[in-house]
Amino acid sequence: LGAKQQAVPPVVDEQPVNPLSRPNTELPPLWASLAPIVVPLTLITLGTCLSAMGGAAAAWGDRLALADKNVVMGIGALLSLGLLHWFGGSTTRRQAAIQKSLSDGGLVLLITAGGGTFGEMIKQTGIGDWIGESLRSDQVGLSLLMISFAIAALVRVAQGSATVAMITAAGIVAPVASQFELPFHSVYLVMSIGCGSKLLPWMNDSGFWLVGRMGGLTVPQTFRTFSLTLTVMGCAGMIATLLAAWLVPLR
């Protein structure tokens with residue numbers, strides 16, 4: 001009974017503070033907020049221009065690694081950490097912000113890496129070579145666009161991720177496209193793959209549940225709205241891509 005009561009440590013909110021709830025005087029200026037995005041883009045553009053100029057300019061660009069995406073993205077990350085250090089509040093809040101950023105970014109990296117691995121495994125099966133051998137040079141045009149669209153759509157329905165679908169389809173179609181002289185610009189292949197990755201999102205897609213829960217929709221309602229809308233978008237985009245590749249090949 002005579003023991004001293006231990007003091008209860010105060011509860012510290014470890015969640016990052018919403019910037020909208022903070023006064024403007026505590027937020028970084030506009031130029032500093034844009035620096036992590038603008039600086040890497042500027043360096044990449046400068047490095048590309050120097051490489052195109054050739055000679056001594058290209059040599060300096062290579063020395064400074066201005067066009068190296070790993071270097072410039074690292075510079076952008078350092079700028080972001082600097083902003084967080086000066087304007088992020090307490091140490092606990094800065095740590096919470098870094099943890100949340102790493103967890104969100106790590107998920108994207110895992111999906112991208114998984115999609116690349118999945119696409120590489122499919123390429124090792126020889127399906128790309130089989131497609132190239134089954135196509136004649138006079139059939140490569142619009143047929144290859146439809147094949148790209150179909151591959152992306154099938155992978156999208158099978159595993160749910162549009163990112164994995166695009167990476168897988170690109171890994172299969174790129175070797176085939178390099179075997180022939182395309183009658184249109186390669187950007188149309190990219191567009192057809194993107195259109196195919198929109199088709200038929202269903203319950204294995206995280207976006208399906210995100211839209212349904214945030215919108216207060218049931219599963220059938222999400223199918224009739226979200227899934228149907230994306231499917232119509234993909235089909236309409238593919239029709240527009242075929243017409244553009246035929247009428248405006250941009251060769």
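This is a predicted model: local features need pLDDT of at least 70, side-chain atom pairs count only at pLDDT 80 or more; totals for chains, interfaces and linings use all residues.
The overall layout comes first. The protein chain contains 10 helices and 0 strands, and its pattern, read along the sequence, is α-α-α-α-α-α-α-α-α-α. Of its 251 residues, 29% count as buried.

The next step is to examine how particular helices meet. Two packed helices are described by the angle between their axes and the distance between the axes. Helix H8, which covers residues 187–196, packs with helix H10, residues 219–247, at an angle of about 165 degrees, and the two axes are 8 Å apart. Because an angle over 145 degrees counts as roughly antiparallel, H8 is roughly antiparallel to H10. The crossing in which H8 passes H10 is left-handed. On the H8 side, the residues involved are Tyr 188, Met 191, Ser 192 and Cys 195; they meet Gly 234, Gly 237, Met 238, Thr 241, Ala 244 and Ala 245 of H10. Sorted by class, this contact of H8 with H10 has 6 nonpolar, 4 polar and no charged residues.

Helix H8 has a further partner in helix H7, residues 162–177. H7 and H8 pack at an angle of about 150 degrees, with 10 Å between their axes. These two helices are therefore roughly antiparallel to each other, and their crossing is right-handed. From H7, the contact draws on Met 166, Ala 169, Ala 170, Val 173 and Ala 177, while H8 supplies Leu 189, Ile 193 and Gly 194. By class, the contact of H7 with H8 has 7 nonpolar, 1 polar and no charged residues.

Which residues does Ser 148 touch, leaving out those up to four places away in sequence? This serine is placed in helix H6, residues 141–159. Ser 148 touches Ala 169, Val 173, Leu 189, Ser 192 and Ile 193. Among these partners, Ala 169 and Val 173 belong to the H7 side of the contact with H8, and Leu 189 and Ile 193 to the H8 side. Ser 148 has a relative accessible area of 0%, and because buried means under 20%, Ser 148 is buried.

The discussion now turns to the nonpolar cores. The largest nonpolar core has 25 residues, and those that touch the most other members are Leu 144, Leu 145, Ile 151, Leu 182, Phe 184 and Leu 189. The elements giving two or more residues to this core are H6, H7, H8 and H10. Phe 184 illustrates the contacts made by one of these residues: not counting residues up to four places away in sequence, Phe 184 touches Gly 141, Leu 142, Leu 145, Leu 189, Ala 245, Pro 249 and Arg 251. A second, separate core has 5 residues, including Leu 50, Ala 57, Leu 66 and Val 72.

Apart from neighbours within four places in sequence, Ser 227 is in contact with Pro 201, Phe 208 and Thr 222.

Note on methods. Residues are numbered from 1 along each chain as its sequence is written. Side-chain values use heavy atoms; hydrogens and water are left out. Axes are lines fitted to C-alpha atoms, for helices over the stretch in contact, and angles run from 0 to 180 degrees between N-to-C directions. Helices (H or I, at least four residues) and strands (E, at least two) are DSSP runs, numbered from the N terminus. Angles under 35 degrees count as roughly parallel, over 145 as roughly antiparallel, 65 to 115 as roughly perpendicular and the rest as oblique. A crossing is left-handed if the near helix is turned anticlockwise from the far one by less than a right angle, and right-handed if clockwise. Contact means heavy atoms within 4.5 Å. Ala, Val, Leu, Ile, Met, Phe, Trp, Tyr, Cys and Pro count as nonpolar, Asp, Glu, Lys and Arg as charged, and the others, Gly among them, as polar. Buried means under 20% relative accessible area, exposed over 50%, partly exposed in between (1.4 Å probe, protein chains only). A nonpolar core is a set of buried Ala, Val, Leu, Ile, Met, Phe, Trp, Tyr and Cys residues joined through side-chain atoms within 4.5 Å.
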